[in-house]
Amino acid sequence: MKMNIAVLPGDGIGPEIIDVALNVTKAICEKFNHELSYEFGICGATAIDKVGNPYPEETHELCMKSDAVLFGAVGDPKFDNDPTAKVRPEQGLLAMRKRLGLYANIRPVETFESLLYKSPLRAELVKGANFMCIRELTGGMYFGRPQGRSEDGDTAYDTCVYSREEITRIVTLAYEYAMKRRKKVTIVDKANVLATSRLWREVSKEIAPNYPEVETEFMFVDNAAMRIIQWPTAFDVMVTENMFGDILTDEASVITGSMGLLPSASIGTYTSVFEPIHGSWPQAAGQNIANPLATVLSAAMMLEYAFNLKEEAALIRKAVDASMDQNVRTQDIQVEGEKPFSTSEVGEWLVAYIKKN
Ligand code: IPM
Ligand code: MN
């Protein structure tokens with residue numbers, strides 16, 4: 001197979017973890033005889049510094065002509081506390097989502113047995129939790145207009161907007177995934193208060209009968225926030241709007257104790273983007289200490305979702321599991337008394353494992 005990918009390392013630890021994920025992808029392609037071509041693009045703070053735009057036109061064109069995008073992380077603290085900053089790295093991310101039509105952000109929440117002790121929840125509660133959050137990514141309050149201030153500056157407003165079409169495509173996607181999993185969909189909303197949520201329910205109730213094997217559950221977002229920590233094993237596929245999804249996916253991602261390990265996919269109209277769920281950790285940039293596994297697992301998701309290469313993705317996951325079993329771990333997950341490995345050492349170990357197995 002011929003694969004044509006765009007690689008956007010971004011800021012902070014982005015370049016280091018992307019380097020590992022790219023080497024792992026190359027090793028897989030060599031082993032399975034796929035032809036990989038890739039091209040780098042700039043984004044985030046790095047792109048602001050270079051060209052004054054966190055998602056430059058050139059990067060957009062690169063993404064548009066690629067089959068998939070492998071993304072590191074964006075963000076730099078120098079923008080966070082600067083109220084005069086006209087452009088921020090995060091705006092690049094939002095522009096990318098909108099312009100690539102990345103309407104579905106998929107975050108699998110998986111437990112790794114050996115990391116359960118790191119969970120903020122008791123191990124017996126999270127053990128076996130395995131669900132998928134699907135967050136709508138190009139609508140809702142993030143993009144709704146009007147947004148702004150009144151003339152005197154003393155009133156501010158955001159607008160939550162959803163169309164039938166936007167709801168239909170994301171809810172349908174959720175049912176499709178549920179069909180391949182344990183056949184349960186939880187639709188999270190605030191239908192007791194919001195008009196957009198009531199439309200979500202209405203549309204979802206029209207779609208549900210097309211999937212008679214799938215159990216449908218409606219849940220208010222406040223209740224969902226509670227149930228994620230109370231009974232995480234009860235979920236299979238959870239689907240929700242942009243802002244609720246932003247909040248719930250952060251919550252969901254930490255309960256397994258494996259935050260540094262979780263990948264994500266953003267599925268789109270024109271292409272798909274694969275990235276770790278963690279941020280750019282600027283304090284660690286250049287130190288070769290960051291955990292590359294979430295990005296490596298994002299590359300596995302890319303092979304599976306964008307190219308339908310299941311065996312290849314499975315081998316990456318097997319290599320990741322093996323590295324943890326043999327304590328080839330970066331400092332954040334290394335067991336006490338064992339020497340932590342560097343980012344690049346973990347990468348080299350994974351590549352060697354893939355070549356051998
Ligand atoms: C995320 C992030 C972004 C979001 C920020 C950086 C704009 O929190 O990807 O979840 O809110 O969507
Ligand atoms: Mn977020």
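The domain bounds used here come from an automatic or database domain assignment. The structure is a predicted model.

**Domains**

On that basis, the protein chain is split into two parts: domain 1, made of 1-101 + 269-357, and domain 2, made of 102-130 + 141-260. Each domain is therefore written as two stretches of the chain, as the assignment gives the bounds. Between the centres of domain 1 and domain 2, taken over C-alpha atoms, lie 24 Å. Domain 1 brings 24 residues to the contact, and domain 2 brings 17 residues.

Together, domain 1 and domain 2 bury about 1700 Å² between them, and carbon and sulfur atoms give 66% of this area. What kinds of polar pairing does the interface of domain 1 and domain 2 hold? Six residue pairs are in polar contact across the interface, both residues of each pair being at pLDDT 80 or more. The count of salt bridges across the interface is zero.

**Ligand 1**

The residues surrounding ligand 1 are Glu90, Arg97, Arg107, Arg135, Tyr142 and Asp246. Sorted by class, this shell has five charged residues, one nonpolar residue and no polar residue.

| Residue | Distance to an oxygen atom of ligand 1 |
|---|---|
| Arg97 | 2.7 Å |
| Tyr142 | 2.6 Å |
| Asp246 | 3.0 Å |

On its own, ligand 1 has 320 Å² of accessible area, and the protein covers 69% of it.

Methods: Residues numbered from 1 in each chain as written. Chains lettered and ligands numbered in written order. Predicted model: local features only at pLDDT ≥ 70, side-chain atom pairs only at ≥ 80, totals over all residues. Heavy atoms only, no water. Near = heavy atom within 4 Å. Polar contact = N/O pair within 3.5 Å; in protein donor to acceptor, adjacent residues only side chain to side chain. Areas by Shrake-Rupley, 256 points an atom, 1.4 Å probe, with all protein chains shown as cover. Nonpolar A, V, L, I, M, F, W, Y, C, P; charged D, E, K, R; others polar. Contact = heavy atoms within 4.5 Å. Buried area = accessible area lost by both parts, 1.4 Å probe. Salt bridge = Lys/Arg side-chain N within 4 Å of Asp/Glu carboxyl O.
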